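These are my notebook entries on one chain. I record what I looked up and the criteria that I applied.

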Amino acid sequence: MDENKLVSDFNTEIDMAFRTAWQSDRGGDDQWNVFMNTYGVTPLLQSDKDMLFNSEMKIARGAFPIELRRVCEKIVEKYRANVSASPKLSAALSSFDMDAKVKEYYQKIKPFAGLGDIFKNASTGTQKYSSGLQTEKQITIRCKNCGAPRLEEMQYDSCLFCGSKLFETA
Ligand SMILES: [Zn+2]
């Protein structure tokens, strides 16, 4: 089998997942669910989606990053079956940076922060700061990849928003 074709097939499939997630309605839609299903990935529970919608990780469009990650993991898994026959594919898979890919996706779906928003935030800054103090204690751990807060009461071993396993104490 042509090694270069394997590598380009892999990249094409990842790009397709990326694009399909991006084209989805905010928080996922039927088309995205069907796409995920072809990889055997189930959507987030509605209760988890609601929690994310109410979190500080705002999205303007597209499926949630963690769902894209789950699809990409399946794609990597699928191509891994061919690595013994292809050093090039093996190299492509080991250099594939899942956290970076998911973060790149998040950059594309988060709301655009224009100048108007900056000025708006400046005027409400004091109020924000004082209300922030009350919640500060609960939010001590953040995802290293996307910055999502991990609440103590959430018993997840990976970030609910982007799926990264990297956390740091802020
Ligand atoms: Zn994260």
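Which residues does Val 41 touch, not counting residues up to four places away in sequence? I found Met 36, Glu 67, Arg 70, Val 71 and Lys 74, where contact requires C-beta atoms, placed from the backbone, within 7 Å.

**Entry 1: basis.** I note that this is a predicted model, in which local features need pLDDT of at least 70, side-chain atom pairs count only at pLDDT 80 or more, and totals for chains, interfaces and linings use all residues. Residues are numbered from 1 along each chain as its sequence is written.

**Entry 2: chain.** I counted eight helices and three strands; these are DSSP runs, numbered from the N terminus, with helices being H or I of at least four residues and strands E of at least two. Along the sequence I read the pattern α-α-α-α-α-α-α-α-β-β-β. Of the 170 residues, 22% count as buried. I used these cut-offs: a residue is buried if 20 or more other C-beta atoms lie within 10 Å of its own, exposed if 12 or fewer, and partly exposed in between. Among contacts with a separation of 6 or more, 66% join residues 24 or more positions apart.

**Entry 3: Val 41.** I placed Val 41 in the loop between H2 and helix H3 (46–53). Val 41 counts as partly exposed because it has 18 C-beta neighbours inside 10 Å. Its C-alpha atom is separated by 9.6 Å from that of Leu 68, 27 residues apart along the chain.

**Entry 4: H1 and H4.** I then turned to helix packing. Two packed helices are described by the angle between their axes and the distance between the axes. The axes are lines fitted to C-alpha atoms, for helices over the stretch in contact, and angles run from 0 to 180 degrees between N-to-C directions. The axes of H1 and H4 come within 10 Å and cross at roughly 165°, which means that H1 is roughly antiparallel to H4. For orientation I took angles under 35 degrees as roughly parallel, over 145 as roughly antiparallel, 65 to 115 as roughly perpendicular and the rest as oblique. From H1, the contact uses Phe 10, Glu 13, Ile 14, Ala 17, Phe 18 and Ala 21; from H4, it uses Glu 67, Leu 68, Val 71, Cys 72, Ile 75 and Tyr 79.

**Entry 5: H4 and H6.** Helix H4 (residues 65–80) packs against helix H6 (residues 98–109) at an angle of about 140°, with the axes 10 Å apart. H4 is therefore oblique to H6. I listed Pro 65, Leu 68, Arg 69 and Cys 72 on the H4 side, and Met 98, Lys 101, Val 102, Tyr 105 and Tyr 106 on the H6 side.

**Entry 6: H1 and H5.** Helix H1 (residues 3–23) and helix H5 (residues 87–95) have axes that come within 8 Å and cross at roughly 25°, so H1 is roughly parallel to H5. Glu 3, Asn 4, Leu 6, Val 7 and Phe 10 of H1 meet Lys 88, Leu 89 and Ala 92 of H5.

**Entry 7: core.** Which residues touch the most other members of the largest nonpolar core? Of its 23 residues, I noted Leu 68, Cys 146, Ala 148, Cys 159, Phe 161 and Cys 162. Such a core is a set of buried Ala, Val, Leu, Ile, Met, Phe, Trp, Tyr and Cys residues joined through C-beta atoms within 7 Å. H1, helix H2 (30–38), H4 and H6 each give two or more residues to this core, and H4 supplies the largest share, four residues.

Notes: Contact = placed C-beta atoms within 7 Å.
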